[in-house]
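Please look over the model below. The report that follows covers its helices, contacts, core and cross-links.

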Amino acid sequence: MTLRIALYGAACGAALAMSLPAAAETPSRQQQCAAEWSKAKDAGKVPDGMTWPKFYSECAARLGAAAAGAGAAPSAAPPAAAP
């Protein structure tokens, strides 16, 4: 019985440790979106009908796409300018 409890505790600890990096990313994304929301509200630039949940889902998707794009390898040399 004691061995079973010890193994269960170890498994739970491992699962928690594996979930920490993903959980650590979420607050920074929430903080960035909250700062953008506050700026937009203070400047009076929040579109009619825009709510925090709708804004946050759009902001989080945009930040996620930007993070995914930042991890991509840069393409070959940029195209040459036309003469």
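Leaving aside its neighbours within four places in sequence, which residues is Q30 in contact with? Q30 is in contact with W52 and Y56, where contact means heavy atoms within 4.5 Å.

This is a predicted model, in which local features need pLDDT of at least 70, side-chain atom pairs count only at pLDDT 80 or more, and totals for chains, interfaces and linings use all residues. Residues are numbered from 1 along each chain as its sequence is written, and side-chain values use heavy atoms, with hydrogens and water left out.

**Overall fold**

The protein chain has two helices and zero strands. Helices (H or I, at least four residues) and strands (E, at least two) are DSSP runs, numbered from the N terminus. Q30 sits in helix α1, residues 2-43. The C-alpha atoms of Q30 and A60 are 7.7 Å apart, although 30 residues separate them along the chain.

The accessible surface of the protein chain is about 6700 Å². Carbon and sulfur atoms account for 67% of that surface. Accessible areas come from the Shrake-Rupley method with a 1.4 Å probe; for residues, only the protein chains shown count as cover. Of the 83 residues in the protein chain, 10% are buried. Buried means under 20% relative accessible area, exposed over 50%, and partly exposed in between (1.4 Å probe, protein chains only).

Relative accessibility for selected residues:

| Residue | Relative accessibility | Class |
|---|---|---|
| Q30 | 39% | partly exposed |
| E36 | 29% | partly exposed |
| W37 | 14% | buried |
| F55 | 14% | buried |
| R62 | 42% | partly exposed |

**Core**

The largest nonpolar core has six residues: C33, W37, M50, F55, C59 and L63. Such a core is a set of buried Ala, Val, Leu, Ile, Met, Phe, Trp, Tyr and Cys residues joined through side-chain atoms within 4.5 Å. Helices α1 and α2 (52-71) each supply at least two residues of this core. The largest share, three residues, comes from α2. In soluble globular proteins, nonpolar side chains tend to be buried together.

**Aromatic pairs**

The count comes to four aromatic pairs. Rings of Phe, Tyr and Trp (its six-membered ring) pair if their centres lie within 6.5 Å; planes under 30 degrees apart count as stacked, over 60 as edge-to-face and the rest as tilted. The rings of W37 and F55 have centres 5.2 Å apart and planes at 50°, so this pair is tilted. W37 lies in helix α1 and F55 in helix α2, so the pair ties together parts that are 18 residues apart in sequence. One aromatic cluster is formed by W37, W52, F55 and Y56.

**Disulfide**

There is one disulfide (a pair of cysteine sulfur atoms within 2.5 Å). C33 and C59 form it, with sulfur atoms 2.1 Å apart. The torsion about their S-S bond is about -95°, so the disulfide is left-handed. The pair links distant parts of the chain: C33 is in helix α1 and C59 in helix α2, 26 residues apart. Both C33 and C59 are buried. Leaving aside its neighbours within four places in sequence, C33 is in contact with W52, F55, Y56, C59, A60 and L63.

**Salt bridge**

Where is the one salt bridge of the whole structure? It joins the side chains of E36 and R62 at 2.6 Å, N to O. The term means a side-chain nitrogen of Lys or Arg within 4 Å of a carboxyl oxygen of Asp or Glu. E36 in helix α1 and R62 in helix α2 are 26 residues apart, and the pair links distant parts of the chain.
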